[in-house]
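Here is a short briefing on one model.

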Amino acid sequence: MKKFVSAVLALCLAGALTACAGGASSSESTAAEESSSAATSEETSSAASSEENATSEAAAGTVMSYDEYMAADLDTEVTIEAYVQAKQAYYAEQQTATVYLQDQDGAYFAYDMACSEEDYDLLTPGTLIRVTGYKSEWSGEVEIMDGSFEFVEGGDTFVAEPADMTELLGTDELIDHQNEFVSFTGLTVAASTIEGDDTEYAFLYNYDGSGSEGDDLYFNVSYNGETYTFVVESYLCDSTTDVYSAVKNLEVGQTIDCEGFLYWYEGVNPHITSVTVAE
């Protein structure tokens, strides 16, 4: 009898221990499943976040057409591809360059673009580059600021011929060609004056006559009864260039033809690169 009771008790004890062991195994399994599910969810979320960031970065670096660039809001990041037409200046201390760019659809002005001196030497007319920066506006001039660039490997070349904008002077359409390489024909040299001075000048050093040899040259031209101010930007065309000498030799009343980049400053203010006196 004692053996029977002992056997029964032993069987009961074994069953209880089995039940406890089974409960612990079930609990651990549930916890493991929950942990695995959380890890999977976290991995999925992380992957989605990484994909979203990659998509955002890709969108920011997408090359825009000229129309897309013009439609972009000011102070937003833009990326364009265009061909170097001319270099205005290089600032060695801060390693930045200012260049005129153009493609078959329109033109761009990249101001203070990060650039090594070695790369600046390689920015020859016709070279295709990709520029990323921020679309900005300064006194009417739309430009790309705080940019960086890279050469487009295997890119073709393009140097724009000057587009005649003479008949668009004084019209609202002229600004649509901002920064393009353009020409004007049949202009008349108009007098420039200095405050407090009755003398009529064909040009001034700086806009107010305060400069000297080597500074920008400002000169007025008239067409269809309206007067416009053009400038030889000394960073672009310094005192050793033909255009600088040509403007210094102008006379009020002469008829001239001009070429240059359609820069904008409180209105049309072309950066002139060539002046020819009509015969």
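Ser 234 sits in the loop that links strand 12 to helix 4 (242–248). The model is a predicted one. In it, Ser 234 counts as buried because its relative accessibility is 16%, under the 20% limit.

**Around Ser 234**

- Leaving aside residues up to four places away in sequence, Ser 234 touches Gly 214, Asp 215 and Asp 216.
- Asp 216 is 18 residues from Ser 234 in sequence. Their C-alpha atoms are 4.9 Å apart in space.
- Strand 12, at one end of this loop, spans residues 226–232.

**Met 145 in strand 5**

- Met 145 lies in strand 5, which runs over residues 141–151.
- Buried, exposed or in between: which class does Met 145 fall into? Met 145 is partly exposed, because its relative accessible area is 26%, and that class lies between the 20% and 50% limits.
- Beyond four places in sequence, Met 145 touches Tyr 111, Gly 133, Tyr 134 and Ser 136.
- Ala 110 is 35 residues from Met 145 in sequence. From C-alpha to C-alpha, the two are 6.2 Å apart.

**Positive phi values**

- Most residues other than glycine have a negative phi.
- Asp 75 has a positive phi, near 70 degrees. Its place is the loop between helix 2 (66–71) and strand 1.
- Asp 75 counts as exposed because its relative accessibility is 61%, over the 50% limit.
- Ser 139 also has a positive phi, near 55 degrees. It is found in the loop between strand 4 (128–138) and strand 5.
- Ser 139 is partly exposed, with a relative accessible area of 24%.

**The largest pocket**

- What is the volume of the largest pocket? It is about 470 Å³.
- The lining of the largest pocket has 22 residues. Closest to the pocket centre are Trp 138, Tyr 263, Tyr 265, Asn 269 and His 271.
- Which strands each supply at least two lining residues? They are strand 1 (77–91), strand 3 (107–114), strand 5 (141–151) and strand 12 (226–232).
- Strand 12 gives the largest share of the lining, 3 residues.
- By class, the lining holds 13 nonpolar, 5 polar and 4 charged residues.

**The chain as a whole**

- The chain has 4 helices and 14 strands.
- Of its 279 residues, 37% count as buried.
- Consider contacts between residues at least 6 apart in sequence: 56% of them join residues at least 24 apart.

**Confidence**

- The mean pLDDT of the chain is 86. A value of 70 or more is reached by 78% of the residues.
- Residues 1–41 have pLDDT below 50.
- Over residues 43–59, pLDDT stays under 50. For residues 43–59 the model has 0 contacts beyond four places in sequence.
- Where pLDDT is low, predicted coordinates should not be read in detail.

Conventions
Residues are numbered from 1 along each chain as its sequence is written. This is a predicted model: local features need pLDDT of at least 70, side-chain atom pairs count only at pLDDT 80 or more; totals for chains, interfaces and linings use all residues. Side-chain values use heavy atoms; hydrogens and water are left out. On a 1 Å grid over the protein atoms alone, a cavity is a set of points where a 1.4 Å probe fits but cannot get out, and a pocket is an open set with protein on both sides within 12 Å along at least five of seven lines; lining residues have an atom within 4 Å of a point. Grid points are joined across faces, edges and corners, and a volume is the space filled by probe spheres set on the points. Ala, Val, Leu, Ile, Met, Phe, Trp, Tyr, Cys and Pro count as nonpolar, Asp, Glu, Lys and Arg as charged, and the others, Gly among them, as polar. Buried means under 20% relative accessible area, exposed over 50%, partly exposed in between (1.4 Å probe, protein chains only). Contact means heavy atoms within 4.5 Å. pLDDT is the predictor's confidence in each residue, from 0 to 100.
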